[in-house]
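Here is a short briefing to read alongside the model. Keep the structure open and follow the topics one by one.

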Amino acid sequence: MVRLELTIKVEEPLILANKHVGGNIVQTLDYITGSALRGAFAARYLSLKGLSEKDEFRQFFWSNEVRFGNLYPESEGDFVFPLPISAKTCKGYKGFKNDDPSKEIHGVSDYLLQEIPESCSCNAPLENYPCFYEFFPNNYSYCKKVEVGKRFSVHSEIDDKTKRSKEGILYTLEHINEEEKFVGNIIFSQESLYESFKKLFFNSGTPISFKIGQARSRGMGKVIETTHSFNSDSFFVTSKGTVEERVKAFNEGNLDNNEITFSLTLFSDAIICDKFLRYLTTIPEWLVGEELNILSGKIEKNNAFTAYRMLSGWNAALGIPKENEIVINKGSSFLYTFKGSGEENNRKLIRGLEELENRGIGFRRNEGFGEIIVCDPVHLYLRELGGKP
Ligand SMILES: [Zn+2]
């Protein structure tokens, strides 16, 4: 497995379809989905080569051999992750302590591995803090929220006949500002695939640019690639350490225990079904057992913080709406115990977890869904908040 790390810069205001908040307000997502990235590369492929090599097109865009990950906000060289749902902040003085040193902020703590207190030490209730956070590897005492620069603009629809504003049709668009940067990965199952992808898209010597998102015909949605680099190590290993190191940290350094604690945390939204294709809103023990090739009776779920939502979409190729799907939101976190018997079985578990992390979970993984991280150290070390039990 190799990956192409890609950074892009916004050149024109960007609207990444999310949902209509009120009647005529359109809000943008604050990241670029793998689906949008895949669509942009597929459109470019067709304009460069047409469909003369159907097999290659299928391999790039319609198989799990090439996976287009989400692009998350960039933060000057630090790593950026979605904050787990198991992390909570004080409702009265919310945020990471480093968000704004000039203000009183009570901080953010993660509660996947410890009991959640009734309230903050100031008596205010705790609440979720959905955001991206940046951190230095191995150091969770300088976490900070990553903000994406956005603004609103108000538009009116023009009447075709009179060329004047149509009465009653005023709408507000939220968009991401120019100059914002996003970073993410395209993952290839083999190096040869990476080579042919790179040769096709990145060999012209000039940075490539795309149009993504909404209102592309109205001077919006242009992004330009600023850097791309080849990496043979996994993104999670680079940013959070090896799976073995992380599992060890979750188990006080021991791998010879009869019980091993491990967590799974969604780095991107996931679409997961049971064998009757019914959507799941959690990752049950039996599925973890199947994914790890371990008897499910040996795995027990101890804790979970999850959220899910309905996802709709538009199939641009066919010109019809995509079927609604239920996705488990990124940041959902699950804690399990593995009742192995000694070190040999625990090592087998770790190999299974490494493969799961490299492969992802569920459907539409080639569009960035189902990226999952094992034993994210943030669950162990993000402890800013004092709490009343
Ligand atoms: Zn507080």
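In this predicted model, Ala87 sits opposite Asp110 of strand β7.

- Together with β9 they make an open sheet of three strands, ordered β7-β6-β9, with antiparallel pairing.
- Because β7 (108-110) and β9 (126-128) each have a single partner strand, they stand at the edges, and one side of each has no neighbour in the sheet.
- From one strand to the next, the twist averages 40 degrees.

**The zinc site**
- Four residues coordinate the zinc ion at 2.0 to 2.4 Å: Cys90 (SG), His106 (ND1), Cys120 (SG) and Cys122 (SG).
- Along the sequence, these donor residues follow the spacing C-x15-H-x13-C-x1-C.
- The arrangement is tetrahedral because the four donor atoms subtend angles of 104 to 115 degrees around the zinc ion.
- Cys120 is buried, at 0% relative accessible area, whereas Cys122 is partly exposed, at 30% relative accessibility.

**Asn185 and its surroundings**
- Asn185 lies in strand β14, which covers residues 181-188.
- With a relative accessible area of 11%, Asn185 counts as buried.
- Its side chain makes a polar contact of 2.8 Å with the side chain of Arg3.
- Beyond its neighbours within four places in sequence, Asn185 is in contact with several residues, including Leu4, Glu5, Arg67, Phe68 and Phe235.

Technical notes: Residues are numbered from 1 along each chain as its sequence is written. This is a predicted model: local features need pLDDT of at least 70, side-chain atom pairs count only at pLDDT 80 or more; totals for chains, interfaces and linings use all residues. Side-chain values use heavy atoms; hydrogens and water are left out. Donors are N, O and S atoms within 2.8 Å of the metal (3.2 Å for Na, K and Ca); water is not among the atoms, so sites may look incomplete. Four donors count as tetrahedral if all angles lie between 85 and 135 degrees; four count as square planar and six as octahedral if opposite donors are over 155 degrees apart and all others between 65 and 115; anything else is irregular. Buried means under 20% relative accessible area, exposed over 50%, partly exposed in between (1.4 Å probe, protein chains only). Helices (H or I, at least four residues) and strands (E, at least two) are DSSP runs, numbered from the N terminus. A polar contact is a pair of N or O atoms within 3.5 Å; within protein, one must be able to donate a hydrogen and the other to accept it, and residues adjacent in sequence count only if both atoms are side-chain atoms. Contact means heavy atoms within 4.5 Å. Two strands pair if DSSP finds at least two bridges between them. Axes are lines fitted to C-alpha atoms, for helices over the stretch in contact, and angles run from 0 to 180 degrees between N-to-C directions.
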